[in-house]
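User: I have a new model open and want a quick walk through it. Can you take my questions as they come?

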Amino acid sequence: MTRAFRHIVLPGLAPAAFFLVASTRVEVLGCFNRGLLALSVAMASVIGGSILAVKGGLSRRRGDPDAHWWVLSALILSIPPAALIVLA
């Protein structure tokens, strides 16, 4: 598995899932279920992004030259919570 796949594509699934749920018609899932799914994807993204941000900060402090990959993953995972705030 390449670094680009691991740090860009896999975290990119969270924003894709969030926007897929958010753009789904209300008649398909219902308003309450759609909101719960969007909230759960955003909360999972917050937890994962926080863990990756700490890991990236610790790697950067140690002088790891690949620490920017962890920070990039954390930034990608910050998209669903920001979109949730904007859309709410």
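User: What is the mean pLDDT of the protein?

Analyst: This is a predicted model. Its mean pLDDT is 94, and 100% of the residues reach 70 or more.

User: Where is confidence lowest, and where highest?

Analyst: Lowest in helix H2, residues 26–29, at a mean of 91. Highest in H3, at 95.

User: OK, the surface. Which residues form the nonpolar patch?

Analyst: Met1, Phe5, Ile8, Val9, Leu10, Leu13 and Leu72. Together they have about 630 Å² of accessible area.

User: Which helix gives the most to that patch?

Analyst: Helix H1, residues 3–23, with five residues.

User: And where does Leu72 lie?

Analyst: In helix H4, which spans residues 67–77. Leu72 is partly exposed, at a relative accessible area of 32%. The patch takes residues over 30% that have no salt bridge, so Leu72 passes the area cut-off.

User: Switching to H5. Which residues are buried there?

Analyst: Pro80, Pro81 and Ala83 are buried in H5, residues 79–87. They sit on the same side of H5, because they cover an arc of only 160° around the axis.

User: What do the buried residues pack against?

Analyst: The buried residues of H5 pack against H1, H3 and H4.

User: New topic. Where does Thr24 lie?

Analyst: In the loop between H1 and H2.

User: Is Thr24 buried or exposed?

Analyst: Buried. Its relative accessible area is 18%, and buried means under 20%.

User: What is Thr24 in contact with?

Analyst: Leu29 and Arg34, leaving aside neighbours within four places in sequence.

User: Last thing. How many salt bridges?

Analyst: The count comes to two. In one of them, Arg3 pairs with Asp66, with the closest N and O atoms 2.9 Å apart. That pair links distant parts of the chain: Arg3 is in helix H1, Asp66 is in the loop between H3 and H4, and they are 63 residues apart.

User: How exposed are Arg3 and Asp66?

Analyst: Arg3 is partly exposed, with a relative accessible area of 40%. Asp66 is also partly exposed, at 23%.

User: Which residue forms a salt bridge with Arg25?

Analyst: Glu27 does, with the closest N and O atoms 3.3 Å apart. Both Arg25 and Glu27 are exposed.

Key
Residues are numbered from 1 along each chain as its sequence is written. This is a predicted model: local features need pLDDT of at least 70, side-chain atom pairs count only at pLDDT 80 or more; totals for chains, interfaces and linings use all residues. Side-chain values use heavy atoms; hydrogens and water are left out. Patches are made of residues with over 30% relative accessible area and no salt bridge: like charges are joined within 9 Å, nonpolar side chains (Val, Leu, Ile, Met, Phe, Trp, Tyr) within 5 Å. Accessible areas come from the Shrake-Rupley method with a 1.4 Å probe; for residues, only the protein chains shown count as cover. A salt bridge is a side-chain nitrogen of Lys or Arg within 4 Å of a carboxyl oxygen of Asp or Glu. Helices (H or I, at least four residues) and strands (E, at least two) are DSSP runs, numbered from the N terminus. Buried means under 20% relative accessible area, exposed over 50%, partly exposed in between (1.4 Å probe, protein chains only). The arc is that of the directions from the helix axis to the C-beta atoms. Contact means heavy atoms within 4.5 Å. pLDDT is the predictor's confidence in each residue, from 0 to 100.
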